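Here's a quick tour for anyone meeting this structure for the first time. Have the sequence and the 3D view open, and hop between them as you read.

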Amino acid sequence: MTYSYTQISHYLRCPRSYRFRYLDGWREKDTRATMVFGRCFETALGAYFRGEDSTAVLFKEWGAFRDSPFEYRKGDCWDRLVHQGVHLLQKFAQDDRVQVLRPQQNLQVKLLRALSGNNEFVSYIDALGTLDSKPCLIDWKTTTSRYAEEPQALLTLDPQLICYSWISGISDVAFVVFVRKQQPEIQYLKASISEDQRREFGRLIETTVGQVETGQFPGHSGIRFPQNPCVSCSHLGLCLNDQQ
Ligand code: SF4
């Protein structure tokens, strides 16, 4: 069986939801505009590093969804997203802080790692390049609000970055966060992941896979802040016996 960060984090959030999604096959429809836009934007970033016209690529990719019946957040629409995207691409080029040599090899890099019991773990790394001239593993994010930066080194606790550091063996990792807001902004957030963190994450993966393979899927329910996973869970209807 092949596992990914998305699967493991899904299990850790709520094992019952994992069972609905990965064993029973209940999947969410792709109707959220922001998710689809994020994928189009990342395709445009790839074009930027290949020396192509990234704005044209963004228009082409996102243009394919112009008439799609998406759910937009309040105040968002197709035009607003594309204009924010263009603004962010221009700002990214002006900042010129990220370089990716040989983009064909160093964008969307597939990494595999063997786990016990004939299992394996797969990750697709957005970019292997440099940030401010320092070699770094990079993950792109598109969002509507800034990522928290304080206290110092907070990002070293991000499980996705720890996961990518674990599978690649690379300590220096970063999120490049494209913030879609009134005045679009880009955050360049660096972190250094330690060997101890990578080892601990490896143990967490093995424990989690063991729980999946022995069929442990208890619900981690919660409806009140701060542990309210059911409120935003796409499987809520199933837990309330309302399959519609
Ligand atoms: S509704 Fe709650 S208990 Fe049910 S799958 Fe979702 S998070 Fe888990």
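Let's start with Leu128, which is found in strand S4. Keep in mind that this is a predicted model. Leu128 counts as partly exposed, because it has 19 C-beta neighbours inside 10 Å and the cut-off for buried is 20 or more.

**More on Leu128**
- Setting aside neighbours within four places in sequence, Leu128 is in contact with Asn106, Val109 and Leu137.
- Arg80 sits 48 residues away from Leu128 along the chain, and 30 Å separate their C-alpha atoms.

**How the chain is divided**
- There are three pieces to find: domain 1 (1-30 + 217-244), domain 2 (32-96) and domain 3 (97-213).
- Taken over C-alpha atoms, the centres of domain 1 and domain 2 are 29 Å apart.

**The nonpolar cores**
- The largest nonpolar core has 32 residues, and Ile138, Cys163, Val173 and Ala174 are the ones that touch the most other members.
- Helix H1 (5-13), strand S4 (120-131), strand S5 (134-143), helix H7 (159-168), strand S6 (172-179), strand S7 (185-192) and helix H8 (195-213) are the elements that give two or more residues to this core.
- H7 gives the most, with six residues.

- In helix H4 (residues 54-63), the buried residues are Ser54, Val57, Leu58, Glu61 and Trp62.
- Look down the axis of H4 and its buried residues fall within an arc of 115°, so they line one face of the helix.
- Helix H3 (33-49) and helix H5 (78-95) are included in what covers the buried residues of H4.
- Now over to H1, where Tyr5, Ile8 and Tyr11 are buried.
- The buried residues of H1 fall within an arc of 130° when seen down its axis, so these too line one face of the helix.
- Those buried residues of H1 pack against strand S1 (2-4), H2, S4, H7 and H8.

- Ser165 lies in helix H7.
- Is Ser165 buried or exposed? Ser165 is buried, because 24 other C-beta atoms lie within 10 Å.
- Apart from neighbours within four places in sequence, the contacts of Ser165 are Ile170, Ser171, Val173, Ile193 and Arg198.
- His10 is 155 residues from Ser165 along the chain, and their C-alpha atoms are separated by 19 Å.

**Around the ligand**
- The residues that surround the ligand are Cys14, Arg16, Ser17, Gly219, His220, Ser221, Pro229, Cys230, Cys233, His235, Leu236 and Cys239.
- Helix H2 (15-23) and helix H9 (236-239) are the elements that give two or more residues to this shell.
- Sorted by class, the shell has six nonpolar, five polar and one charged residues.

- Some background first: most residues other than glycine have a negative phi, and most peptide bonds are trans.
- Glu150 and Pro151 are joined by a cis peptide bond, with omega near 0°, and Pro151 lies in the loop between S5 and H7.
- Another cis peptide bond, with omega about 0°, joins Phe225 and Pro226, and you'll find Pro226 in the loop between H8 and H9.
- Arg102 isn't a glycine, yet it has a positive phi of about 45°.
- Look for Arg102 in the loop between strand S2 (98-99) and helix H6 (103-106); Arg102 is exposed, with 10 other C-beta atoms within 10 Å.
- Asn241 isn't a glycine either, and its phi is positive at about 60°.
- The segment after H9 is the place of Asn241, and this residue is exposed, with 6 other C-beta atoms within 10 Å.

Technical notes: Residues are numbered from 1 along each chain as its sequence is written. This is a predicted model: local features need pLDDT of at least 70, side-chain atom pairs count only at pLDDT 80 or more; totals for chains, interfaces and linings use all residues. Domain bounds come from an automatic or database domain assignment. A residue is near a molecule or strand if its C-beta atom, placed from the backbone, lies within 6 Å of it. Helices (H or I, at least four residues) and strands (E, at least two) are DSSP runs, numbered from the N terminus. Ala, Val, Leu, Ile, Met, Phe, Trp, Tyr, Cys and Pro count as nonpolar, Asp, Glu, Lys and Arg as charged, and the others, Gly among them, as polar. A residue is buried if 20 or more other C-beta atoms lie within 10 Å of its own, exposed if 12 or fewer, and partly exposed in between; C-beta atoms are placed from the backbone. The arc is that of the directions from the helix axis to the C-beta atoms. Two residues are in contact if their C-beta atoms, placed from the backbone, lie within 7 Å. A nonpolar core is a set of buried Ala, Val, Leu, Ile, Met, Phe, Trp, Tyr and Cys residues joined through C-beta atoms within 7 Å.
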